[in-house]
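Here are my notes on the model you sent. Please read them with the coordinates open.

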Amino acid sequence: MSTVEQNRLSVFKTYKLYVGGKFPRSESGRVYEVTDSKGKWLANAPLSSRKDARDAVVAARKAFGGWSGATAYNRGQILYRVAEMLEGRREQFVREVAEAEGLSKSKASAQVDAAIDRWVWYAGWTDKIAQVMGGANPVAGPFFNLSTPEPTGVVAVLAPQESSFLGLVSVIAPVIATGNTAVVIAGEKNPLPALSLGEVLATSDLPGGVVNILSGRTGEIAAPLAAHQDVNGIDLTGAGDELAKELEIAAADNLKRVLRPGSAEYTADPGTHRMTAFLETKTVWHPTGALGASGSSY
Amino acid sequence: MTTETTPAGPFAYAPAPESRAVVDIAPSYGLFIDGEFTESSGQDRAKTLSPATEEVLAEYTQANAEDVDRAVKAARKAFEKWSALPGAERAKYLFRIARIIQERSRELAVLETLDNGKPIRETRDADLPLVAAHFFYYAGWADKLDHAGYGRNPRPLGVAGQVIPWNFPLLMLAWKIAPALATGNTVVLKPAETTPLSALFFADICRQAGLPRGVVNIVTGDGRTGEALVSHPGVDKVAFTGSTAVGKAIARRIAGTDKRVTLELGGKGANIVFDDAPVDQAVEGIVNGIFFNQGQVCCAGSRLLVQESIQDELLDSLKRRLATLRLGDPLDKNTDIGAINSAEQLARITALADTGEAEGAERWSAPCELPSAGYWFAPTLFTGVTQAHTVARDEIFGPVLSVLSFRTPDEAVAKANNSQYGLSAGIWTEKGSRMLAVASKLRAGVVWANTFNKFDPTSPFGGYKESGFGREGGRHGLEAYLAPATPKGER
């Protein structure tokens with residue numbers, strides 16, 4: 001019996017994009033070879049085109065109303081559900097991360113564990129960020145005045161090129177925790193953990209289109225996203241200096257909110273800046289009226 | 001009652017001019033760099049006019065790149081000591097400035113009215129009180145930054161290059177300089193080319209307050225000076241208020257640098273009136289929304305969205321009210337509508353209004369006599385406007401209101417959000433749940449419900465979408481001038 005199992009030919013997975021809650025191939029029909037750190041073939045990943053990028057923006061925009069309108073508690077539960085689903089597929093991700101980044105099993109495990117914990121961290125943020133970032137303003141007049149953070153909209157996310165999973169989760173989760181929807185470009189050389197994450201998100205009650213994951217050449221996919229008039233923000237983490245500058249120039253065309261790349265240390269306390277980079281502050285005024293001098297003294 | 005009354009007749013007012021004697025304008029101004037007025041290395045001079053009379057008020061300096069460099073270096077030199085000063089000491093300088101502004105507020109109000117053309121009623125009752133309040137507010141933050149939610153011991157950015165517009169010259173200066181100084185930055189500020197005087201007077205206030213040399217530098221000039229400033233490699237932070245086109249150019253210019261930027265740009269605010277709104281109050285709000293400061297306000301309520309069932313009634317009331325507005329001498333205490341700031345702006349407003357007419361919208365202007373000298377535009381509204389009309393899409397930045405109608409709240413929200421801009425919006429309804437539902441759906445940074453054009457130093461102000469990014473005012477306003485607490489290496 002066991003001999004039979006050992007000789008069994010394994011079933012390869014066809015890695016696909018994750019767009020609008022579905023798993024399409026690239027519309028271009030193109031793929032590229034993904035290898036492990038030693039150059040051994042792992043899989044053919046979709047080589048996304050400009051059209052794939054635009055389709056992903058359409059899906060993200062369509063999902064924005066529902067996701068940003070969901071209660072913060074609901075978003076928190078869904079992000080927590082992502083952690084639960086990942087926990088169950090932990091071994092798969094440890095293997096993929098180890099292959100992608102050339103890490104030992106224990107080092108890859110640490111990365112995956114930290115990534116799962118990061119979902120939990122952001123699950124807890126969904127219904128706290130508004131109190132931390134907003135509040136009542138004591139204006140000098142008879143007005144109720146309240147500032148509230150709101151999501152910016154559709155955010156293009158260039159996932160880090162090195163940290164294929166912990167880095168990936170560290171840039172996606174803060175964007176969607178606050179109600180944005182995301183078009184994510186997986187790390188160019190190691191996209192497999194990102195594409196597998198799509199399968200987890202699809203089974204975590206996350207509405208389709210909230211996160212869309214594309215693999216391929218970062219520069220080729222990022223250029224149409226940076227110039228896209230229906231994208232509201234862009235996280236340039238996965239861009240080198242030259243590409244980042246080009247994209248920032250393109251992003252100025254509709255004044256996208258830009259998070260510039262930095263040498264991030266993903267094991268450190270994430271702070272709040274990745275959330276606040278894609279939040280707008282809305283301030284609402286309303287007159288309070290007055291009861292007059294005869295108002296109750298209680 | 002649909003008959004229109006003219007401002008003459010029962011509403012004729014005797015002239016009540018505010019005295020000019022309280023302000024002493026020098027014939028010529030240099031640049032305020034490193035604590036003193038200095039001459040430019042070049043010969044370029046410009047003149048600033050009173051837009052109400054076209055009288056030349058003063059000559060000022062067109063600063064060149066060399067002058068800007070000198071100012072940035074002075075600010076850099078001052079930064080070390082200023083940022084190391086205990087917050088409580090920086091606070092006291094800002095409190096001094098706030099108090100001196102209060103003391104000199106009449107002088108500054110008259111000066112601002114002369115240079116800008118806006119009514120003295122507004123400079124006296126809105127601009128100047130808000131300027132003093134803004135400095136007073138941020139003064140109090142200087143020694144409390146640890147508690148502001150930006151991490152412990154948050155650090156200033158360095159030298160802030162600030163470029164401000166002509167519509168609220170001294171107020172925009174306050175919005176820029178007060179938070180920058182409170183957080184320990186030093187500044188080089190460029191006022192607008194048509195309204196440089198109040199910033200130059202502010203230099204004198206810095207002198208009276210004993211502010212250390214180089215902490216505030218004022219360079220005057222046109223867009224060339226502004227470009228030299230935002231492009232200067234010694235500038236760590238760019239803060240700009242002005243047009244969306246220039247804002248985009250700045251965003252492109254600083255791409256790939258370490259410079260941080262906040263932009264407060266244009267708007268095309270929707271003022272939504274539901275059928276249950278108190279009509280008289282709504283009319284006052286509409287007038288305040290678009291004719292305050294001659295409509296030269298980025299957050300103006302320049303698109304009126306009125307529910308179809310009350311459109312006729314509301315427009316009758318609105319026209320009746322507009323006919324009573326008094327347009328004329330900005331120094332007259334009874335004046336409601338002052339002069340347009342410049343010939344250039346008047347030409348732009350005129351061209352856009354003509355486009356509105358050419359595209360088929362129906363034009364109505366309040367019956368009022370325009371003075372023969374100066375730059376004037378009668379309060380105007382367009383009816384029969386669709387979302388495709390230029391006057392419904394482009395920021396006019398003048399006293400021109402476009403009227404559109406809607407049937408359902410959903411339609412109102414969709415039309416309000418159908419804009420590249422997202423700075424302000426207004427909602428008029430007596431129903432609280434409807435107000436809150438609509439407010440939550442509007443993609444705008446400031447929503448005024450049953451009021452309009454209210455400002456306060458504690459209240460964050462700034463836009464969504466192409467109205468810019470970053471907030472000015474309140475705790476939020478500190479963020480633009482502080483290095484964020486982030487993991488090592490990240491900005």
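1. Which residue of chain A forms a salt bridge with Arg471(B)? The partner is Glu280(A), with the closest N and O atoms 3.9 Å apart. A salt bridge here is a side-chain nitrogen of Lys or Arg within 4 Å of a carboxyl oxygen of Asp or Glu. Between chain B and chain A the count is 3 salt bridges.

2. Some ground rules. This is a predicted model, in which local features need pLDDT of at least 70 and side-chain atom pairs count only at pLDDT 80 or more, while totals for chains, interfaces and linings use all residues. Residues are numbered from 1 along each chain as its sequence is written, chains are lettered from A and ligands numbered from 1 in the order in which they are written, and side-chain values use heavy atoms, with hydrogens and water left out.

3. The interface in totals. On the chain B side, 50 residues are in contact with 46 residues of chain A; contact means heavy atoms within 4.5 Å. The area buried between the two chains is about 3,600 Å², and carbon and sulfur atoms give 52% of that. Buried area is the accessible area (1.4 Å probe) that two parts lose on being put together, summed over both.

4. Polar contacts and composition. The rule finds 27 residue pairs in polar contact across the interface of chain B and chain A, both residues at pLDDT 80 or more. A polar contact is a pair of N or O atoms within 3.5 Å; within protein, one must be able to donate a hydrogen and the other to accept it, and residues adjacent in sequence count only if both atoms are side-chain atoms. Among the elements giving two or more residues to the side of chain B that touches chain A are α8 (244-253), α14 (432-441) and β17 (446-449) of chain B. The most comes from α8(B), with 5 residues. That side divides into 18 nonpolar, 15 polar and 17 charged residues. Gly counts as polar in this scheme, and Tyr, Cys and Pro are among the nonpolar ones.

5. The open sheet has 10 strands with mixed pairing, in the order β3(A)-β4(A)-β10(A)-β17(B)-β16(B)-β10(B)-β11(B)-β14(B)-β13(B)-β12(B). β3 (135-136) of chain A and β12 (362-365) of chain B stand at the edges, each with a single partner strand, so one side of each has no neighbour in the sheet. Strands are DSSP E runs of at least two residues, helices H or I runs of at least four. Two strands pair if DSSP finds at least two bridges between them.

6. The crossing point. β10 (residues 279-287) of chain A pairs with β17(B) in the parallel sense over 3 bridges. Val284(A) has Val447(B) as its bridge partner. β16 (residues 424-428) of chain B also pairs with β17(B) in the parallel sense, over 4 bridges. There, Ala425(B) stands opposite Val447(B).

7. Within chain A. Arg217(A) forms a salt bridge with Glu188(A), the closest N and O atoms being 3.5 Å apart. The pair links distant parts of the chain, 29 residues apart. Over all chains the structure holds 45 salt bridges.

8. Backbone points to check. Phi is near 50° at Asn153(B), a positive value in a residue other than glycine. Asn153(B) sits in the loop between α4 (120-141) and β5 (159-163) of chain B. Phi of Lys465(B) is also positive, near 50°. Lys465(B) is in strand β18 of chain B.
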